[in-house]
Amino acid sequence: MLPGIGVFGTGAIAKVLVPFLKEKGFAVEAIWGVTLHEAESAAKELKIPFFTNKIDDVLLKKNVNLVFIVCAPNLHAQISVKALGIGKHVVCDKPAGLCQAEALKMVRAAQYYPTLISIINHSLRFLPAFSHMRKHIQDGYLGNPDELTLVDVRVQMGSLLGETYNWLCDDTMGGGTLTLVGSHVIDLVSFLTGQKVVKVQGVLRTFVDETLKVNGIRKITAPDFCTFQLQMDKGLLVTATLNNHLPGPCFNQEIYVCSKKGYLVVRGGDLHGRLHKSNLTKIDDDGKRGHDKEDVIYVDVEDLSCASSVVPKPYVKGLCKMISALKEAFLPVKEQMDWVKEPVRAAATFEDGQRVQATMEALRQSNEDGCWTSVQLLTEPPDPNPALSAAVRRTAISLQ
């Protein structure tokens, strides 16, 4: 029994997501939009029977058992916590809320309801090239996995901004390349290597603060360029450069994982590797001396049934694979709310989402301070009014 689906959001990801869900046999029962007009037009386009601009209307529908949250990040924590509280499975888009405090609420809700699915849409984990890369690292292609030396990430793509001013233009509302692309990179590095970030250094810049469509009194504050270094807990160094200055909807991504023995690299959706030989050249068949060639480990030849001009191809493919994994998790069981863990074991949990959020907060702090910053993971929600709390404590002490 596949669960009924409720979708929160009407943007580009929702328009890629819904056809995939239907293709895999899920029934998409309801969609939510910020305004009733947005929800209605998306429902007509995607052929969804129910639409609303009220969150509870979707959550309380009896035939909705799994919700996909692909709306603005300021609502991610609120909807996730509420959905888990009334017994719905949750797949939430990145990032996990706007800050670590929101991510912590999501983590606690997931811990309180461990029988429900609660995962973050870091879809690159499901891209076959990265699944193969992780397996090769674990199997010792580059030697001992704990002795990796460097991960080098380059992502070049077009603008992330839309036609109108919205949350994508605002850094504090979850817009910008660090949140929308960097979060995937940070999560992917931990997934591939099994190591955690301990210290970071980053530079964030907003070079384009207005466009032809977004100008006047409103300025764009979301960064369109980001470069950062991550120090991992077993000595691995990660360096990443994310650039949103290419024209049009192009997307180039290269991720190298290096050790003293050689390297693995994913370019787009293909995986290559090369091991260093004791002599760097060899004699070719025709007698000429040439460099050792890369091993072709995995080539992505699968075509997409539902491509998107807005969402980059690797993210779309990863999302499709994640939906297939969800189908496998629900298919073997007879009850709609039952599921098996194994197919979605690779998915990012809410705890992973909080760790990514902590890393991004440290990167923003590093950008302000201009120095290396330690990653601090919240274990308790922050005091909403520390001055008042201090005054109450002082009063309690004076009364004793």
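Tutor: Strand β5 gives the largest share of the lining of the largest cavity, three residues. Helices and strands here are DSSP runs (H or I of at least four residues for helices, E of at least two for strands), numbered from the N terminus. The model is predicted, so local features need pLDDT of at least 70 and side-chain atom pairs count only at pLDDT 80 or more, while totals for chains, interfaces and linings use all residues. Residues are numbered from 1 along each chain as its sequence is written, and side-chain values use heavy atoms, with hydrogens and water left out.

Student: How much space lies in the largest cavity?

Tutor: About 40 Å³. A volume is the space filled by probe spheres set on the points, and grid points are joined across faces, edges and corners. The count comes to one cavity of 30 Å³ or more.

Student: And what classes are in the lining of the largest cavity?

Tutor: Eight nonpolar, one polar and one charged. Ala, Val, Leu, Ile, Met, Phe, Trp, Tyr, Cys and Pro count as nonpolar, Asp, Glu, Lys and Arg as charged, and the others, Gly among them, as polar.

Student: Ok, pockets now. What volume does the second largest pocket have?

Tutor: About 250 Å³. A pocket is an open set of points with protein on both sides within 12 Å along at least five of seven lines. The second largest pocket is lined by 15 residues, and L116, S118, W339, K341 and T349 lie nearest its centre. Helix α5 (100-112) and strand β6 (118-121) each supply at least two residues of that lining.

Student: New topic. Is T193 buried or exposed?

Tutor: T193 is buried, with a relative accessible area of 9%. Buried means under 20%, exposed over 50% and partly exposed in between, with a 1.4 Å probe and protein chains only. T193 lies in helix α7 (residues 177-193).

Student: What does the side chain of T193 reach at 2.7 Å?

Tutor: The backbone oxygen of V189. The T193 side chain also reaches the backbone nitrogen of Q195 at 3.2 Å.

Student: How many aromatic pairs does a search of the whole structure find?

Tutor: Five. The rings of F8 and W32 have centres 6.0 Å apart and planes at 45 degrees, so that pair is tilted. Rings of Phe, Tyr and Trp (its six-membered ring) pair if their centres lie within 6.5 Å; planes under 30 degrees apart are stacked, over 60 edge-to-face and the rest tilted.

Student: Where are F8 and W32 in the chain?

Tutor: F8 is in strand β1 (residues 5-8) and W32 in strand β2 (residues 28-32), 24 residues apart. F8 is buried at 0% relative accessibility, and W32 is buried at 5%.

Student: Last one, the backbone. Which peptide bond is cis?

Tutor: The bond from K94 to P95, with omega near -5 degrees. P95 sits in the loop between β5 and α5.

Note on methods:
On a 1 Å grid over the protein atoms alone, a cavity is a set of points where a 1.4 Å probe fits but cannot get out, and a pocket is an open set with protein on both sides within 12 Å along at least five of seven lines; lining residues have an atom within 4 Å of a point. A polar contact is a pair of N or O atoms within 3.5 Å; within protein, one must be able to donate a hydrogen and the other to accept it, and residues adjacent in sequence count only if both atoms are side-chain atoms.
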